[in-house]
Amino acid sequence: MQATWPGRAWRSGVGFLLFWLSAFALLGPGQPQQCSSGTPRILHFADVGAEQRVPALHRTPGSLNPLYGLVQSYLDVVQPNPFPTELLRDALKDPPTTATSQILHYQAGYVVCATIAAVYFLAVPLIGLSICCCHRRRCCEGRVKAYRRSLLCQRNFFILCLLLTTLVVLGGVICAFATNQKVREEMEPGTRDALSTLQALRHHMDGIPRGVQLSMEEFAIPKQQILGDLTNVSWNIGSTVHFLLKETIYSVMTALKDRAQDLQNSLYHLQTVKETVKKLTQHQDKLQSTLKDRKQSVIALLEDPRCTYCVSALSVAQNLELGADYRKVPSMERVLKALHGLPKANFSVMIHRANSSFNSIPELAVLKMAGVIRDLEKEIGKAAKRVRSIADSFPVLDRSRSVHDALVKAENISHPYFKEAKHYERYRWIAGVAACTVVLLIVVCNILGLSFGTYGLAVREDPSDYESRGEAGAKLLMAGVGLSFLFSWLLMLLVFGTFLVGGNVQTLVCKHWADRGIYTFIDTPGNLPPSMNLSQLLGLKKNLNITTAYQQCRDGAGLWEVLELEDSYNLNDHLSVAKYTAEFQKHLDNFNIRFEDITLLNAEGKRDLETFRDSGVDLIDYAGFLAEIRNPVVKTDVEGLAVDLERLIKVQSDRSLSERLADEAQKLRGIQRTTVLAMEGLVTKLKESVQFLSTMAPGFQARINSTVARVGLVETVLPIQTQKILRQELDCFVRKEVGYISQYLSWLRSALTEDVASCQPFSTALDNGRVILCDRIVDPWNAFWFSLGGCTFLLIPSIFFAMTIAKHFRPIRHRLM
């Protein structure tokens with residue numbers, strides 16, 4: 001049974017609703033599309049500030065660092081007082097008002113050390129002179145008068161003490177040698193690095209104008225990138241619109257092409273059914289009368305009594321009549337009448353025109369965006385001019401000349417001082433080598449004296465016997481004692497002189513330079529005379545002092561952020577991205593393309609499809625049609641009946657009967673050839689058309705409704721979706737190109753702040769000065785006097801132990817048990 005109209009209408013409505021929902025899901029906003037233009041690539045700019053940097057110096061780690069730490073701890077004990085703010089304030093007044101008692105009170109630790117040094121300086125040579133006089137007058141002999149067993153333990157104890165003392169002195173003199181050489185090695189590079197730092201500062205200030213100019217010229221990199229993107233942006237946007245919509249457009253055009261083909265095929269098959277049925281009806285009328293005559297003749301012949309073995313053929317001949325009545329099949333006239341004259345629209349031309357219009361979107365985008373592309377290129381040129389104008393208004397350029405002159409003056413003044421420092425350092429090094437050599441001679445005397453003396457004791461059988469090696473050991477020990485007395489006052493003089501200089505530099509300068517106590521002293525109002533106001537001399541901003549300026553410079557501030565300028569300068573205002581991209585974005589925000597309307601289905605084509613939909617093709621009784629044409633043209637097999645009659649001829653005895661059977665068989669074969677086979681061919685053709693129509697008919701109304709609705713929806717939504725994609729692509733393009741300018745401005749801010757016009761080289765120069773003076777020169781200087789001073793004070797126990805042991809190395813006068 002065919003479906004009723006209400007059932008078909010309900011299914012069509014549900015299908016139509018589902019289509020609209022799917023269509024809105026397809027063409028609606030959905031997930032945000034990715035930018036086809038991609039993200040901006042990373043731009044690489046030149047290192048314009050490489051020649052202007054001041055290399056930072058650092059303290060290199062070494063094996064002497066623990067010794068440096070020990071010396072600093074010792075100096076902290078010697079001078080535990082804080083930075084002498086009041087003393088310096090009074091000393092800098094005109095005239096100075098500092099009292100000597102205040103200085104001595106502050107330097108109490110150094111006064112104590114000076115007292116000890118003075119006692120040593122006077123006492124040790126006097127003691128040595130006294131001992132020398134005593135020996136000369138033979139008041140005190142240099143040997144043991146009597147031998148006792150207890151002297152063995154005493155002798156071994158003194159030998160061990162002298163050996164340990166000598167080893168400690170040896171270690172100290174090695175450290176003294178190393179630190180003395182270290183001072184020499186660091187002095188010349190230190191002065192050179194100090195001059196290099198001043199020169200690097202001058203180069204930094206001299207290079208600011210050129211560095212600013214080079215930084216502005218680097219805008220050519222994003223400019224060329226943007227101009228290159230502008231060359232292809234219109235084609236890329238049109239291609240993106242085409243790519244994102246082609247699946248929807250092509251699917252709609254494919255569906256429309258299929259419906260047009262359904263219409264063409266249905267018209268063809270309906271016409272075929274009509275013509276075929278007409279021919280079959282004509283053949284049926286002719287065949288019906290022919291079969292009737294042949295049936296009567298064959299039955300009469302087979303019922304003849306003379307016909308033998310004719311019963312089976314008779315039953316077959318009785319069915320010799322039409323099997324199908326083609327007048328009973330449903331008529332196609334009403335449907336064909338409704339479809340008469342279709343299709344009025346040329347669907348192939350219409351689809352080709354729509355396809356061409358859609359595929360021309362990229363070319364159309366190029367044409368319509370040509371004007372705005374030219375405007376954008378002009379805006380990039382204007383942005384380049386704005387960037388170049390930064391160099392004209394850069395404020396530090398006016399101050400660079402005065403700073404340059406000051407740095408040149410500082411170089412000229414410091415150069416002779418550095419030359420003198422290297423000159424005097426040579427004399428200090430020679431004195432240090434001489435002092436260390438004397439101490440080393442004393443150590444050699446002690447070691448050789450102990451070696452010879454101990455060997456002499458080992459080989460001497462009687463303590464009172466004379467032994468040359470023991471005597472040599474005693475003389476070597478006494479030679480070491482003589483050297484100690486002779487040079488002790490010179491050693492102490494050298495130690496105290498270097499201690500006084502190096503210790504005060506460490507405790508007064510280096511210590512408070514590292515903790516910025518010096519900066520705090522300079523910043524405190526009233527500490528310096530008005531003529532020495534460094535904040536004013538350096539031209540710092542009124543709200544800054546030396547400490548805050550140093551910290552800001554160290555953190556990477558620009559010179560304009562710490563110097564007092566005639567006009568306030570805010571680099572962020574000059575490097576605002578909006579300042580260079582506002583007009584660029586405005587042009588693209590106001591730009592709009594209206595692409596040519598794409599007509600997928602015109603009114604005439606739509607009427608053709610609606611007429612086809614309402615033609616009633618689906619109302620035809622295809623089941624009854626197929627049931628009727630499944631019946632055979634003739635109920636019996638005409639060819640088979642002819643074969644049966646020919647078989648009966650062979651078994652008949654009556655010749656005339658045989659001839660009549662042969663004649664009937666021949667006539668049946670003629671009917672089969674001329675009529676039945678032709679009708680069967682027409683039936684096959686009819687069956688193919690009916691099967692096509694029966695297969696197509698059930699859902700064709702829903703398909704046509706869906707296609708017409710999809711076409712209408714796409715034609716409605718296509719302009720909206722095109723504008724949406726266009727706007728998204730333009731926004732992506734703006735973000736990409738603005739990203740290039742943003743990269744440049746960010747790099748420019750970094751280049752100006754950290755390299756070209758950075759204040760950081762000045763803080764680096766101050767740090768370098770501290771490293772050169774304190775870490776590289778003062779630390780080994782202090783380690784030298786500390787090591788040599790330890791050796792000098794250890795000479796006192798060394799003298800005592802050497803003189804005592806020398807007695808044991810000589811022969812004993814009396815042997816007491």
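Tutor: The side chains of Lys-182 and Glu-186 form a salt bridge, with 3.4 Å from N to O. This is a predicted model, and the distance of 3.4 Å is computed from its atoms. Both residues sit in helix 6, which spans residues 150-206. Lys-182 and Glu-186 are four residues apart there, so about one helical turn separates them. The structure holds 21 salt bridges, and the pair Lys-182 and Glu-186 is one of them.

Contacts between helices come next. Helix 2 (residues 65-78) packs against helix 15 (residues 468-514) at an angle of about 85°, and their axes are 11 Å apart. Angles from 65 to 115 degrees count as roughly perpendicular, and helix 2 and helix 15 are therefore roughly perpendicular to each other. On the helix 2 side, the contact is made by Gln-72, Tyr-74, Leu-75, Asp-76 and Val-78. Helix 15 contributes Phe-499, Gly-503, Gln-506, Thr-507 and Lys-511. By class, the contact of helix 2 with helix 15 has four nonpolar, four polar and two charged residues.

Helix 11 (residues 347-359) and helix 12 (residues 361-368) pack at about 45°, with their axes 5 Å apart. These two helices are therefore oblique to each other. Ser-357, Phe-358 and Asn-359 of helix 11 meet Ile-361, Pro-362 and Glu-363 of helix 12. Three residues of the contact of helix 11 with helix 12 are nonpolar, two are polar and one is charged.

Val-112, Ile-116, Phe-793 and Ile-796 make a nonpolar surface patch of about 340 Å². Two helices, helix 5 (108-136) and helix 26 (760-809), each supply at least two residues of this patch. Val-112, for its part, lies in helix 5.

Notes: Residues numbered from 1 in each chain as written. Predicted model: local features only at pLDDT ≥ 70, side-chain atom pairs only at ≥ 80, totals over all residues. Heavy atoms only, no water. Axes fitted to C-alpha atoms, helices over the stretch in contact; angles between N-to-C directions. Parallel < 35°, antiparallel > 145°, perpendicular 65-115°, else oblique. Contact = heavy atoms within 4.5 Å. Nonpolar A, V, L, I, M, F, W, Y, C, P; charged D, E, K, R; others polar. Patch = residues over 30% accessible without salt bridge, like charges linked within 9 Å, V, L, I, M, F, W, Y side chains within 5 Å. Areas by Shrake-Rupley, 256 points an atom, 1.4 Å probe, with all protein chains shown as cover. Salt bridge = Lys/Arg side-chain N within 4 Å of Asp/Glu carboxyl O.
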